[in-house]
Amino acid sequence: MRRDEFTEMRAFLEVARERSFTRAASKLGVTRSALSHTISALEARLGVRLLSRTTRDVAPTADGARLVESIQPHFEGIAAEVSAISALRDRPSGHIRLVCPDDAVDLVFRPRLPAFLRDYPDISVELIVDNGFTNIVERQFDAGVRLGEAIARDMVAVRIGPDVSYAVVGSPEYFAAHTVPSTPHDLTDHNCVNLRLPTSGALYAWEFEKDGREFSVRVEGQLVMSNIGPAINAALDGAGLSYVPRDLVRQYLDNGQLTEVLADWAPTFQGYHLYYPNRRHPSPAFSAFVEAFRYRQR
């Protein structure tokens, strides 16, 4: 492949990934007009239209999508080999981008990241907090974090934390003015802090289980949050009942700032997993990260 052909193909892949000439040009370090000229030259040479352009979006045509599918693995292989060669020194180096729910930051990464960063000073880690079902391939993350039940089967999944138990909690001040619920269905009479699901926009239905029976309860209340942290604070402030990972509120349960109810109905979910597409040649930095955070049951 001639150098100009390689440049054209790389430019086309970047535009197809970003769905924007402006963003792709910024990543490639060229002007938008120069990038547009490169794509036009490629389309003229191949004799087919590869991109559909509108005022709001740029998307591959059917021929463009076919070309992306055929050449993208080769470019990823080249990038992986270049990264591997550049990392062939005493310590792994590089930048790792992850997307994860807000509670995973506290449950998984906060306790172990400091040691990892000390052990690998040439590796930098970027954690993007997003409670939605982010497409890690489309948004070019190295990996994502989800509970085990929520990972697609075509992804590699590595467990990075123990099972997660959830608890319904409220402050002593709240229970001084409200009757303690004896069953999950009693929650319909309580002021509950709801959690908005970013992907669907719906409110999360609180999940319970007992004697092998699983069910959900749709609760109501004056507050709706998008993250677990503010929901915990709302419970501490006496604003209502919250449904949160027990390990995140254990200290408040121990010191009496919060009280757990319906403990017999509390569900347990598979622990958090790191998930990512299958890579033939993962970078040394990414491999070191996976091994450092792999969960090893004691």
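This dialogue goes through a few features of a predicted model.

Q: What is the average pLDDT of the protein, and which elements have the lowest and highest means?
A: The average is 90, and 96% of the residues score at least 70. Among the elements, helix α4 (residues 62-86) has the lowest mean pLDDT, 81. Strand β13 (residues 259-261) has the highest, 98.

Q: How are two packed helices described?
A: By the angle between their axes and the distance between the axes. Here, the axes of helix α2 (residues 21-28) and helix α3 (residues 32-46) come within 9 Å and cross at roughly 100°. Therefore α2 is roughly perpendicular to α3.

Q: Which residues of α2 and α3 meet?
A: From α2 come F21, T22, A24, A25 and L28; from α3 come R32, L35, S36 and I39. Sorted by class, this contact has 6 nonpolar, 2 polar and 1 charged residues.

Q: Why do residues three or four places apart in an α-helix point the same way?
A: Because an α-helix has 3.6 residues a turn. As for burial, helix α9 (residues 284-293) has A285, F286, A288, F289, V290 and F293 buried.

Q: What covers the buried residues of α9?
A: The cover includes strands β3 (94-100), β4 (123-129), β5 (143-147), β6 (156-159) and β15 (272-276), along with helix α5 (102-119).

Q: Where does E209 lie, and is E209 buried, partly exposed or exposed?
A: E209 lies in strand β9 (residues 206-210). E209 counts as partly exposed because its relative accessibility is 27%.

Q: Which residues does E209 touch, leaving out those up to four places away in sequence?
A: E209 touches E214, D264, W265, A266, P267 and T268. A266 is 57 residues from E209 along the chain, yet their C-alpha atoms are separated by 6.4 Å.

How values were computed
Residues numbered from 1 in each chain as written. Predicted model: local features only at pLDDT ≥ 70, side-chain atom pairs only at ≥ 80, totals over all residues. Heavy atoms only, no water. Helix = DSSP H or I, 4+ residues; strand = E, 2+ residues; numbered from the N terminus. Buried < 20%, exposed > 50% of the residue type's maximum accessible area, 1.4 Å probe, protein only. Contact = heavy atoms within 4.5 Å. pLDDT = per-residue confidence, 0-100. Axes fitted to C-alpha atoms, helices over the stretch in contact; angles between N-to-C directions. Parallel < 35°, antiparallel > 145°, perpendicular 65-115°, else oblique. Nonpolar A, V, L, I, M, F, W, Y, C, P; charged D, E, K, R; others polar.
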